[in-house]
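This report describes parts of a structure, chain by chain. Please keep the sequence and the model in view while reading.

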Amino acid sequence: MSQSSDRPPAWSYWVVLPSFVLLWAVVAWLLKSPLLPTPLNVLDTLMRESASGELWHHLGATLGRVVVAFILAMLLGTAIGVVMGRFRTTNALFDPMLVLLLNLPALVTIILMYVWFGLVEVAAVMAVVINKVPNVAVTVREGARSLDYRLEEMATVYGFTRWQRFREVWVPQLFPYLMAATRGGLALIWKIVLVVELLGRSSGVGFQLHMAFQVFDVAAILAYSLAFIAVVQLIELAILQPLERRSSRWRQPEVAHA
Amino acid sequence: MLELRIAGRSFSQPVLGEVFATIERGDRICLLGPSGIGKTTLLNAIAGLDKTLSAEAIIGREALRVGYLFQEHRLLPWRTLTANLQLVGATAEEAEAHLASVGLKGYGHYLPDQLSLGMARRAALARCLAVKPDLLLLDEPFASLDPVMAGELKTLIAGILDTDPGMAMICVTHDGGDAEILANRLWYLDGKPARLQWDDRVGEPGLIDSLLGRLRQLDPADS
């Protein structure tokens, strides 16, 4: 589960991304088309939107929806996944539904929620949650199935309480699966949130993209996309990676001899 | 203090057949028998891990504190040794003392996977002691240790039993030699389904030798 070891070295990011920006600048300069603004144009738009407060307002709205939908989806998906992984009958009951939901296009859920509940916040968040829960459940179910029966027996013999069993035995074993669900979850959720906003909300990055699309304001589209990529990366660096490092410290300890 | 009334099992090919025995305080039982005959199954049943057994099968277990040394250490790999011992009810000082008593003084902050096999097994033994057990269940405690480490652990366990004469022990082993040092009672499990073929108090000298002789005749591959 250690993704950090598969990562390319840090310099590759500092070489490839600036080269890409350079290429973009050259092509934009050659084309001189309003449909492909230069990087400087985009930066200019970004600064203007930021200074006016528009950017922060819409970023905040989107982020709020992402956070709420993410927490709900993780809680619900984890509960369903654990129960499905531990009990065959529950698995038999839920698995067909899971297959159905996993193959249901996100757009369908969004449209149905808006049609049934109106263009309201609850419908927007629910659409995102319904899209995400099956993924979390499937991932966590794998983890629940692979729980070590030897540690279960140990917990039984030594009279662990339910809470101890959950906290000390289950959560550490499920952690890599929860992390996988979290990573996949954030990537999926923020994309769906943008669609939800585009279709039926009057705030958020998705809404702004919609407005920009209507007037073919490519600079604004790129500016908002960049801002959001930055936020997602910040969450990755500031929250996810430290969390992962902290809880996998016990995995590769050096060995003592005596 | 503990009565076994395991009377065969309902499903088609039970591992355990009828096992009737009473375990008293101070009993040091070595459980011998061919590989794969069901020694660990019997130990698990006594520990209460066999959900297919009826409540009447093991009488008196609820009132007992049981320390179980599994074949693997089964310490929580994400917790230090001290934390592992605290989880079964020891205070920090008690944990330190129990670790010291198995020769792991100062290792409290180590994680289980940082230890060698022999050390991890001793740490697991310390956890058994941390519950202040009435009954100690040992599943092949000397397996895959080199002879020196196995000898040290044998002396350690014998010492633990000597300091608490009220403690009972059941130790699964392949090696009749272990019984000479540890046991005052011998169980021999054999047959399909498995039954206790012998349940002998070790009293007069030479009994173990004669038992070992019979074991070798029965199961030459194992000696």
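## Terms and model

Helices (DSSP runs of H or I, at least four residues) and strands (DSSP runs of E, at least two) are numbered from the N terminus. The model is predicted: local features need pLDDT of at least 70, side-chain atom pairs count only at pLDDT 80 or more, and totals for chains, interfaces and linings use all residues. Residues are numbered from 1 along each chain as its sequence is written, while chains are lettered from A and ligands numbered from 1 in the order in which they are written.

## Chain A: an annotated span

For residues 59–239 of chain A, an unreviewed UniProt entry lists "domain: ABC transmembrane type-1". Positions from UniProt are given in the numbering used here, feature names are shortened, and annotations may be inferred rather than shown by experiment. The span of residues 59–239 of chain A is 88% helix and 0% strand, and its end C-alpha atoms lie 18 Å apart.

## Chain A: two helices that cross

Helix H2 (residues 39–52) and helix H3 (residues 54–86) of chain A have axes that come within 4 Å and cross at roughly 80 degrees. Axes are lines fitted to C-alpha atoms, for helices over the stretch in contact, and angles run from 0 to 180 degrees between N-to-C directions. H2(A) is therefore roughly perpendicular to H3(A), a label for angles of 65 to 115 degrees.

On the side of H2(A), the contact is made by A:Glu49, A:Ser50 and A:Ser52, and on the side of H3(A) by A:Glu54, A:Leu55 and A:Trp56. Two residues are in contact if their C-beta atoms, placed from the backbone, lie within 7 Å.

## Chain B: strands

Chain B has seven helices and nine strands. Three of its strands form an open sheet in the order E2-E1-E4, with antiparallel pairing. Strands pair if DSSP finds at least two bridges between them. Strand E2 (18–23) and strand E4 (58–59) of chain B are the edge strands, each pairing on one side only.

Strand E1 (residues 2–7) of chain B is joined to E2(B) by six bridges, and the two run antiparallel. B:Glu3 stands opposite B:Thr22 in E2(B).

## Chain B: buried residues

Of the 223 residues in chain B, 43% are buried (20 or more other C-beta atoms within 10 Å of the residue's own, with C-beta atoms placed from the backbone). Among contacts in chain B between residues at least 6 apart in sequence, 69% join residues at least 24 apart.

Leaving aside neighbours within four places in sequence, B:Leu31 is in contact with residues including B:Lys39, B:Cys171 and B:Trp187.

Terms used:
Buried ≥ 20, exposed ≤ 12 C-beta atoms within 10 Å, placed from the backbone. Parallel < 35°, antiparallel > 145°, perpendicular 65-115°, else oblique.
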